[in-house]
Every structure is written in C-alpha cells, then in structure tokens.
Amino acid sequence: MTTGEILAKLRIEKNVGQKELATYLRVSVGTVSNYENDVHSPDLTTLSRLADYFEVTTDYLLGRTQYRFDPQLLDKHVSREYTVTDIINTVLTFDSGTVDQLMEYAHFLQTRH
C-alpha cells in the first residue's frame, strides 16, 4: 500500500474530509488530494503532523510497517480496568476460530450506528 492509499484510508476511518485535514495541516485541499493520489509526498514536518493527527507512526504512513501504533501505546488504558497489553495478551490465548469470531464482532460494533 502506498503512502497516499494509507493516508486516504486513515482519513476515511477517522471520518474526516480532505478540507478538514487540509485546514489542520495548513495546506490546500489540492495538496491533500495530491498526497492521497501519490502525486506528491508530504515533507518531513507534514509527515510528522499526519502521524500525530492519526495517532500512527511515520513508518506506518510510509508503508514500512503494518504496525500502526507507537509501542508506548501498549500501556494505554482503553477502559478503567484494561490496557492495550491486557487485550493483546487475552487475544493471544484464543484459538484461531475464536479470534475470527472476535474480529467479526469487533467489525460489527465498528459499523453499527
């Protein structure tokens, strides 16, 4: 996946329009479109701002890794009781069928309105 494809995917996931992202970056909508269509690449400062905005690493934005999040986020509490590490450790105890069911349910929760 290219940087532009990743950027477009993240923007859609966050339900943000190109205009809103352009305003945040202080660039034109055309510039955001050019990034998403791989006509131009963001400079280092913009790349860092994009990573902060979407809460991903610059390596993820560049397509260098499939891991979206900074390892420090493993300690982040996702509820009062659980951290990201707690969830990962729990999922790792499941068999593949259970993980598939869990992911289907997670997808269901993400898409319901």
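I began with rings. Rings of Phe, Tyr and Trp (its six-membered ring) pair if their centres lie within 6.5 Å; planes under 30 degrees apart count as stacked, over 60 as edge-to-face and the rest as tilted. By this rule I get 3 aromatic pairs.

A note on the source: this is a predicted model, where local features need pLDDT of at least 70, side-chain atom pairs count only at pLDDT 80 or more, and totals for chains, interfaces and linings use all residues. Residues are numbered from 1 along each chain as its sequence is written, and side-chain values use heavy atoms, with hydrogens and water left out.

**Entry: aromatic pairs**

I looked up Y24 and Y53. They form a tilted aromatic pair, 4.5 Å centre to centre, with 40° between the planes. Y24 lies in helix α2 and Y53 in helix α4, so the pair ties together parts that are 29 residues apart in sequence. I take helices as DSSP runs (H or I, at least four residues), numbered from the N terminus.

Next I checked exposure. Buried means under 20% relative accessible area, exposed over 50%, and partly exposed in between (1.4 Å probe, protein chains only). Y24 is partly exposed at 29%. Y53 is buried at 13%.

Y53 also pairs with F54, edge-to-face, at 4.9 Å centre to centre and 85° between the planes. F54 is buried, with a relative accessible area of 8%. I note that Y24, Y53 and F54 form one aromatic cluster.

Two packed helices are described by the angle between their axes and the distance between the axes. I use axes fitted to C-alpha atoms, for helices over the stretch in contact, with angles from 0 to 180 degrees between N-to-C directions.

Helix α2 covers residues 18-25 and helix α4 residues 44-54; they pack at about 120°, with their axes 11 Å apart. That makes α2 oblique to α4. My cut-offs: under 35 degrees is roughly parallel, over 145 roughly antiparallel, 65 to 115 roughly perpendicular, and the rest oblique. The crossing of α2 and α4 is right-handed, meaning that the near helix is turned clockwise from the far one by less than a right angle.

Which residues of α2 and α4 make the contact? Contact means heavy atoms within 4.5 Å. From α2 I list E20, L21, Y24 and L25; from α4, T46, R49, L50, D52, Y53 and F54. These residues divide into 6 nonpolar, 1 polar and 3 charged. Ala, Val, Leu, Ile, Met, Phe, Trp, Tyr, Cys and Pro count as nonpolar, Asp, Glu, Lys and Arg as charged, and the others, Gly among them, as polar.

I then picked out T46, which is found in helix α4. T46 is buried, at 10% relative accessibility. Leaving aside neighbours within four places in sequence, T46 is in contact with L25 and Y35.

**Entry: α2 against α3**

The axes of α2 and helix α3 (residues 29-36) come within 8 Å and cross at roughly 105°. That makes α2 roughly perpendicular to α3. Q18, K19, L21, A22 and L25 of α2 meet V29, V32, S33 and E36 of α3. I sort the residues of this contact into 5 nonpolar, 2 polar and 2 charged.

**Entry: L102**

Last, I turned to L102, in helix α7 (residues 96-111). Is L102 buried or partly exposed? L102 counts as partly exposed, at 33% relative accessibility. L102 touches V91 and F94, not counting residues up to four places away in sequence. L102 and Y82 are 20 residues apart in sequence and 17 Å apart in space, C-alpha to C-alpha.

Terms used
Helices (H or I, at least four residues) and strands (E, at least two) are DSSP runs, numbered from the N terminus.
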